[in-house]
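Work through the exercises below with the sequence and the model side by side. Try each task before reading its solution.

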Amino acid sequence: MSVEPERANATAIENHREARIGETVGSPSDAISTSAGISTQRTQESPFTFTQGQSPLHYKTPLHASDEPYADDVLAQLDKDCDEIIARYPQKRSALLPMLHLIQSVDGYVTGRGVHYCADKLDLATAEVSGVATFYTQYKRHPNGEYTVGVCTNTLCAIMGGDQIFDEVSEHLGIGHDETTEDGLVTLERIECNAACDFAPVVMVNWEFFDEQTPESTKEMVDQLRAGQDIAPTRGASKVCSFKQVSRVLAGFPDGRADEGIGAGEASLRGLQLAREKGWTAPAAPAAETGDKPSEESGT
């Protein structure tokens, strides 16, 4: 068997590996490497559209590199906020998760410069920061829309219409999972569970609840978002905020809106209401046993 094909294959793999590493924390690049080793070039018209007919799988792309430094005023605010976050923890490396949300509140996604900033502040390797940023789906590896529209397609929501909602909204917007409209306003996602099964099918916009949705109501909602209109969730705050604003809240900086609107809905409280009407109570805890038990060590 000839070794030349093996050498060529090994060289290609190594070149692809180096390209991915370079794009993660290296020099800026307009090319985005897919998991199959195909470089897909971004168009000049929009950072959200791609050529070659086949859109890359965003959740498998490396982090976008960025060598552009933060402006002095932005850096000063970052330092102030990060110092406050770090002070919450006995070990400062524990502050990484909220700090990544803070980076997204500034950059709109986890940038290469954000990775370096977190690493420097927490005395971590950039590989450690990148490993966390690429593990959790709430951290975005590419520019995210101003509004993340998450359609629950887990079991109950799916059979109640979640799959149909996603398919119709995807066709309506012309984008798939984890892709963003050309105007940069809406990113569409499939969500495993929105933790609101009693209101299925559920759609979330920047993690605000829109209960008992239909394909028609969801398409109308995304059209309102793209038209710049304020929309109110079924429960929670009086209106939906932007992705950057909610990222700051997730970093641990309350926006003062936690008590706005309805909290638990009627369906969520129905069990409690029935229990009170019928006098149901939880079983009492077993009474504490008295007397000394034999010690396993002494055998007495």
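Buried means under 20% relative accessible area, exposed over 50%, and partly exposed in between (1.4 Å probe, protein chains only). The model is predicted: local features need pLDDT of at least 70, side-chain atom pairs count only at pLDDT 80 or more, and totals for chains, interfaces and linings use all residues. Residues are numbered from 1 along each chain as its sequence is written, and side-chain values use heavy atoms, with hydrogens and water left out.

**Exercise 1. The overall picture**

Task: State how many helices and strands the protein has, and what share of its residues is buried.

Solution. Start with the elements. Helices (H or I, at least four residues) and strands (E, at least two) are DSSP runs, numbered from the N terminus. The protein has nine helices and seven strands. Next, take burial. Of the 300 residues, 42% are buried. Then take the surface. Accessible areas come from the Shrake-Rupley method with a 1.4 Å probe; for residues, only the protein chains shown count as cover. The accessible surface comes to about 17,000 Å², and carbon and sulfur atoms hold 52% of it. Finish with contacts, meaning heavy atoms within 4.5 Å. Among contacts with a separation of 6 or more, 63% are between residues 24 or more positions apart.

**Exercise 2. The sheet**

Task: Give the order of the strands in the five-stranded open sheet, and find its edge strands.

Solution. Set the rule: two strands pair if DSSP finds at least two bridges between them. The order is S4-S5-S3-S6-S7, with mixed pairing. The edges are S4 and S7 (208–210), each pairing on one side only.

Now go through the pairs:

- S4 (residues 179–180) runs antiparallel to S5, joined by two bridges. Glu-179 stands opposite Leu-188 in S5.
- S3 (residues 147–152) pairs with S5 in the parallel sense over six bridges. Thr-148 has Thr-187 in S5 as its bridge partner.
- S3 pairs with S6 (residues 203–205) in the antiparallel sense over three bridges. Val-151 has Val-203 in S6 as its bridge partner.

S4 and S5 form a hairpin with five residues between them. Gly-184, in that turn, has a positive phi of about 75°.

**Exercise 3. What covers the strands**

Task: Work out how many residues of S5 are buried, and which strands helix H6 lies across.

Solution. S5 spans residues 186–191, and five of its six residues are buried. Helix H6 (residues 155–173) lies across S3, S5 and S6. H6 runs at about 155° to S5. For that angle, axes are lines fitted to C-alpha atoms, for helices over the stretch in contact, and angles run from 0 to 180 degrees between N-to-C directions.

Now move to Met-204, in strand S6. Met-204 counts as buried because its relative accessibility is 8%. Leaving out residues up to four places away in sequence, Met-204 touches Thr-148, Val-149, Gly-150, Asn-194 and Phe-209.

**Exercise 4. Salt bridges**

Task: Decide whether Asp-163 is buried, partly exposed or exposed, and name its salt-bridge partner.

Solution. Begin with the general idea. Side chains of opposite charge can pair when their charged atoms come close. A salt bridge here is a side-chain nitrogen of Lys or Arg within 4 Å of a carboxyl oxygen of Asp or Glu. By this rule the count is 14.

Asp-163 pairs with Arg-190, with the closest N and O atoms 3.5 Å apart. This pair links distant parts of the chain: Asp-163 sits in helix H6 and Arg-190 in strand S5, 27 residues apart. Asp-163 is partly exposed because its relative accessibility is 33%. Arg-190 is partly exposed because its value is 35%.

Task: Decide whether Asp-211 and Arg-235 are buried or exposed.

Solution. Asp-211 forms a salt bridge with Arg-235, the closest N and O atoms being 2.8 Å apart. The pair joins two loops, 24 residues apart: Asp-211 lies between S7 and helix H7 (215–226), Arg-235 between H7 and helix H8 (243–250). Asp-211 has a relative accessible area of 6%, so Asp-211 is buried. Arg-235 has 10%, so Arg-235 is buried.

Arg-113 and Asp-107 meet in a salt bridge (2.7 Å, N to O), and both are buried. Asp-79, Asp-83 and Lys-121 are linked in a network of salt bridges.
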